[in-house]
Amino acid sequence: MKKKIENTIPTDEELIGRFQDGDIYAFEQIVKRYKDQLLNYAYRFLGDIADSEDLVQETFLRVFRKRKAYRNIAKFSTWIYTITGNLAKTELRRRKKKRLFSISGLKYSNKEYEIPDIKGGPDERADSVVMDELIQKAIDSLSPKFKEVIILRDIQELSYEEVSKIIKIPLGTVKSRVNRARLRLQEILGGLFKSPET
Amino acid sequence: MSCKEVCNYFSAYLDGELSETLKKEIKVHFNNCPHCKAILNKACSIKEYMKSLSKIKTSDNFEVRLRERVSRELTRKRSFINTWAESINYLPNKSIIAFGAAAIFVIIFIIMNVQQSNYEEFQIKNAPFQKEILNQSRTGENIISDKENEQFLKGESVLSVSPSGVDDSTGKAIDLKEGEQSLDGKVKYINK
């Protein structure tokens with residue numbers, strides 16, 4: 001007879017509920033779960049790892065301060081992604097004003113960041129880094145409304161419904177923007193790719 | 001289906017969100033249009049590559065730094081509350097201070113009310129005088145001297161040549177006989 005194994009991993013909503021009741025350990029679990037994905041999200045927006053990490057820290061601070069504001073009506077992931085997205089957009093606006101936005105792509109600080117090893121020889125690894133840079137530059141060249149949806153949909157791999165809730169635009173608009181963003185990216189990057197048959 | 005129409009369905013086709021009928025229709029177009037097919041293929045490759053973009057991880061001390069920031073925030077909140085609480089404790093006797101403040105408010109309130117009622121009372125009592133003076137000034141008579149008028153304006157008692165005084169209890173004008181004073185003692189009727 002097979003025994004039913006209970007799923008003991010708490011959901012995000014359970015964790016935030018516990019945190020609202022004062023369980024700090026639940027907050028630490030939330031941090032562990034979301035820190036890397038939020039960092040990648042922020043990084044694709046800002047193009048700077050150090051700034052992105054500060055932004056993610058600020059996101060968690062806001063979650064800490066405003067934990068009581070979360071209501072179980074929407075998914076927790078929607079809420080936390082919305083906070084990060086808003087902070088990223090604010091930062092982009094601030095940079096635009098100060099004209100500090102860099103078009104050089106990746107920026108390295110003196111902090112050590114772990115980038116996973118890519119299988120293959122040195123040439124393949126170099127190609128991969130170059131490709132990453134080119135993709136990032138292409139994403140940076142998109143207008144903010146297209147950049148936002150393409151990062152959430154194609155990089156963060158969120159559903160259309162979730163993207164719609166995070167950005168607070170209708171589902172049809174999300175699909176339309178994703179479509180246009182993809183077409184725009186293939187105009188910019190098309191020459192680099194030899195595509196398989198679809 | 002035209003290229004322009006197919007353009008609108010690229011994403012949906014890539015994501016497998018089209019109905020079977022529409023999917024077949026678009027596939028037929030791709031088979032007959034190398035240009036659209038090339039676009040589709042490139043878009044598909046880019047989409048797949050984006051999924052495999054390098055995933056960055058947070059620095060080793062990310063959580064430690066976050067914990068420090070949270071701790072500083074909590075300390076700042078506590079210190080504000082404590083500073084406020086301590087400032088209350090420093091005062092020699094909280095209850096005396098509170099009582100004193102309340103007493104001051106009450107005294108101020110009473111004084112203001114007394115002043116207000118005195119002023120109103122003065123106005124009511126002297127209303128007939130005011131009318132009389134006005135009447136007199138209208139007729140050109142100058143029955144009450146300037147000095148008496150000045151006294152009246154200061155709220156002092158006035159000798160009236162009007163047969164009316166003011167009833168102190170009701171504030172209403174009353175008829176006086178010659179030589180008679182009003183109940184409040186402020187008005188004495190003298191015959192002209």
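Start at the interface of chain B and chain A, where 16 residue pairs are in polar contact, both residues at pLDDT 80 or more; a polar contact here is a pair of N or O atoms within 3.5 Å, one able to donate a hydrogen and the other to accept it, and sequence neighbours count only if both atoms are side-chain atoms. Now pick out α2 (10-14), α4 (34-51) and α5 (62-90) of chain B: each supplies at least two residues of the side that touches chain A. Helices are DSSP runs of H or I, at least four residues, and strands are runs of E, at least two, numbered from the N terminus. Stay on α4(B), as the largest share of that side, 13 residues, comes from there.

A quick word on bookkeeping: this is a predicted model, so local features need pLDDT of at least 70 and side-chain atom pairs 80 or more, while totals for chains, interfaces and linings use all residues. Residues are numbered from 1 along each chain as written, chains are lettered from A and ligands numbered from 1 in written order, and side-chain values use heavy atoms, without hydrogens and water.

Next, select Arg65(B) and Glu53(A): they form a salt bridge, with the closest N and O atoms 2.2 Å apart. The rule (a Lys or Arg side-chain nitrogen within 4 Å of an Asp or Glu carboxyl oxygen) finds nine salt bridges across this interface.

Finally, zoom out to chain B, which has eight helices and four strands. Along the sequence they run α-α-α-α-α-α-α-α-β-β-β-β.
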